[in-house]
Structures are given as structure tokens and as C-alpha cells.
Amino acid sequence: QYFPKARKEIFGLDYGCGAWRSTRFLKFLRIEKVDSVDVNQTMLDEAKYADIEGNYQLIESGRIPALAETYDLAFSSFVFVEIGDEKEINRIFKDIYRVLKPGGIFIVVTPSEEAFNPTHQWLSYQSYAVNSEFKSGQLIEFKIIDINLELADYYWTHDDFKKWSEDAGFVQIVKYHPLGKMSDGIYWASEWQISPYTI
């Protein structure tokens, strides 16, 4: 709804595409023209195997191989929780701003500030945190319940994202904290009242 109606085709960038799940989501939204980039060759190999017609490229972090004002939309899902260096994140935001057309949209999906709070019970994962007094850049361990996989992500606040955005030149249009709904057909836990994600 934020794009001018005159634009018939949206050219998207999937920054941190991984094994193509986020690119598949963009294509599901009928954004057919997508450049997908990642810093992990193994993930890109998986993506290319699953989507042989896709355009997947290996990059250095924050070094997007595109001219200025190339894309209408940039999308990044659960990328910045993997980065513990604020200078690196700043560089990524600025390079994404560089490659977006004037009026382009940058959508970031990331854990909410409540995601690792040990007082909440999530359906899909469990935090190992012992308290909720986190600091920006803190590494927090958690487990994906269904596959018993232990991981660690960096904790960043909304103020952190706002700072990086403004430093790069972005203006926040909207912030979403999606909640679980009965229509999902899933029996959520804390997701009914509190969102573990921020968009």
C-alpha cells in the first residue's frame, strides 16, 4: 500500500536470504523480481538447489553489489540478531539505503524486546535467560523446541534499530507486533497477548 500505483513491477532485495525461505515469501507476495544475497555460501547453495531460477549472490557483509537507487523494496528477516557489532549493522543499513530508490521501503523482521524474556512461554522456542535485564549486544541462548536445537542471538532494542535507521537516512513508517489469532489454527502460548517479533 506504500508504493505508488504507477509502479507495475517491484524490484526487491532480500538481504540475508539464507536458504531461500524469505525469498520464497517475497515471491508469494508476487514480488517476482528479487535479488537475494547472503554471506554464507552453504545457505546460498541450498537456496539455489531449491529455487534454480532465483538470483542468489554471495556478498561481504554490508557490501551490496548493486548501483545506487536500484531497488523498490529491501527485506531482511532475522539477520541483525546474528551480528554483534553495531558498526557492521550501521554499515549494512547505510548500504541498503544507498541501493533503494527514493521512497523505497525497508522491511526488517526481528525478535521483539520481549522475545527472550524468561517469564513468557513461547510455542516454538524456549529462552535460557535467567532475567529480563538485557543489554544491547548481549548474546542470549535459546532452544528451538521442535527440533531440540540450541542457538544464540544478539539482543537489540527498538531504540537501537531506530538509531541505525535514522543514521542511514530512513524514516519509520510503521511498527508491527503481530499476535497469535484463532484463525491461525494454532494453539499459541504467550503469543496470544505478547508478540515475540517486531516488524
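Start by selecting isoleucine 96: skip its neighbours within four places in sequence, and it is in contact (heavy atoms within 4.5 Å) with Tyr15, Ile64, Ala74, Phe106 and Phe170. A quick word on ground rules: this is a predicted model, where local features need pLDDT of at least 70 and side-chain atom pairs count only at pLDDT 80 or more, while totals for chains, interfaces and linings use all residues. Residues are numbered from 1 along each chain as its sequence is written, and side-chain values use heavy atoms, with hydrogens and water left out.

Now widen the selection to the largest nonpolar core, which has 25 residues. (Such a core is a set of buried Ala, Val, Leu, Ile, Met, Phe, Trp, Tyr and Cys residues joined through side-chain atoms within 4.5 Å; buried means under 20% relative accessible area, exposed over 50%, partly exposed in between, using a 1.4 Å probe and protein chains only.) Tyr15, Phe80, Phe93, Ile96 and Phe106 have the most contacts inside this core. At least two core residues come from each of β1 (11-15), β4 (71-77), α3 (86-99), β5 (100-111) and α4 (158-168). Helices (H or I, at least four residues) and strands (E, at least two) are DSSP runs, numbered from the N terminus. Colour α3 separately: this helix gives the largest share of the core, five residues. Then look for a second, separate core of nine residues, with Tyr125, Ala129, Ile140 and Phe142 among them.

Next, show the rings. How many aromatic pairs are there? The count comes to 18, where rings of Phe, Tyr and Trp (its six-membered ring) pair if their centres lie within 6.5 Å, and planes under 30 degrees apart count as stacked, over 60 as edge-to-face and the rest as tilted. Zoom in on phenylalanine 93 and phenylalanine 161, a tilted pair at 6.4 Å centre to centre with 55 degrees between the planes. This pair links distant parts of the chain, 68 residues apart: phenylalanine 93 is in α3 and phenylalanine 161 in α4. Both are buried.

Last stop: serine 112, in the loop between β5 and β6 (125-127). Serine 112 counts as buried because its relative accessibility is 3%. Threonine 198 is 86 residues away in sequence, yet 4.9 Å away C-alpha to C-alpha. Leaving out residues up to four places away in sequence, serine 112 touches His177, Ser195, Pro196, Tyr197 and Thr198.
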